[in-house]
Amino acid sequence: MGIKSNVDDLILKLEKIKDKTINLEPVMKQIASDMASTIRMNFRNETTPDGVPWEKSDRAIKENGKTLQDTGRLRNSITYKYTGTRAAAGTNVKYARSMHFGVTKGAYGKRSVTQKVNAFTRTRKGKTENVKSHSRNREIEVPWGNVTGRKFVGITERKRERYLRKILEHIGGGNV
């Protein structure tokens, strides 16, 4: 009679743990939100996820501004997603990878650009002349120059352990 009661309690606890492992969405939402907040904090502090200060950009020095935050587009694009099994945070801004890892001038090669020019009238050396509409082809290098990498996305070992504790607490109060 005492053994049966203990077995019933154990089965009930295991069923609760099973239910919580099936639905990890609440804890994944917390983790994803925290990951996005951490990335935003990296922008605020101008540091890598490990806390190492970024090298100041030339623009930030010249304008007494913040590195990687000229328009704020990259910083403000940080979002998060989660499912019952995954948590993620990041950005969909195309140049984010270049800003994070850095690139050298010409790393993306050259590309052809065709510029269409509409007809117009201009004055040149005191004479007025009509210019017909035309196209102009030229090659440009992408990106605009060398870009120093400034890591803003990543998880430290400490954060990884914190997220694991959150999952374990969600499943069974950390007593698994």
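How many helices and strands does the chain have?

## Overall architecture

In this predicted model, the chain is built from six helices and six strands. Their order along the sequence is α-α-α-α-β-β-α-β-β-β-β-α.

Of the 176 residues in the chain, 27% are buried. The accessible surface amounts to about 13,200 Å², and carbon and sulfur atoms account for 50% of that area. When contacts between residues at least 6 apart in sequence are considered, 63% of them join residues at least 24 apart.

## Aromatic pairs

Three aromatic pairs are found in the whole structure. One of them joins Phe43 and Trp54 in an edge-to-face arrangement, with 5.7 Å from centre to centre and 85 degrees between the planes. This pair links distant parts of the chain, since Phe43 belongs to helix 2 whereas Trp54 lies in the loop between helix 2 and helix 3 (58-63), 11 residues apart. Phe43 counts as buried because its relative accessibility is 0%, under the 20% limit for that class. Trp54, with 9% relative accessibility, is also classed as buried because it falls under that limit. Phe43 and Trp54 form one aromatic cluster together with Phe152.

Another aromatic pair consists of Tyr80 and Tyr82. These rings are stacked, with a centre-to-centre distance of 6.4 Å and an angle of 25 degrees between the planes. Why does Tyr80 count as partly exposed? The relative accessibility of Tyr80 is 32%, and the partly exposed class covers values between the 20% limit for buried and the 50% limit for exposed residues. Tyr82 counts as partly exposed because its relative accessibility is 31%.

## The second largest pocket

The second largest pocket holds about 270 Å³ of space. Helix 2 (25-45) and helix 6 (157-172) are the elements that each give two or more residues to its lining. Helix 6 gives the most, with four residues.

By residue class, the lining of the second largest pocket divides into seven nonpolar, three polar and three charged residues.

Technical notes:
Residues are numbered from 1 along each chain as its sequence is written. This is a predicted model: local features need pLDDT of at least 70, side-chain atom pairs count only at pLDDT 80 or more; totals for chains, interfaces and linings use all residues. Side-chain values use heavy atoms; hydrogens and water are left out. On a 1 Å grid over the protein atoms alone, a cavity is a set of points where a 1.4 Å probe fits but cannot get out, and a pocket is an open set with protein on both sides within 12 Å along at least five of seven lines; lining residues have an atom within 4 Å of a point. Grid points are joined across faces, edges and corners, and a volume is the space filled by probe spheres set on the points. Ala, Val, Leu, Ile, Met, Phe, Trp, Tyr, Cys and Pro count as nonpolar, Asp, Glu, Lys and Arg as charged, and the others, Gly among them, as polar. Buried means under 20% relative accessible area, exposed over 50%, partly exposed in between (1.4 Å probe, protein chains only). Contact means heavy atoms within 4.5 Å. Accessible areas come from the Shrake-Rupley method with a 1.4 Å probe; for residues, only the protein chains shown count as cover. Rings of Phe, Tyr and Trp (its six-membered ring) pair if their centres lie within 6.5 Å; planes under 30 degrees apart count as stacked, over 60 as edge-to-face and the rest as tilted.
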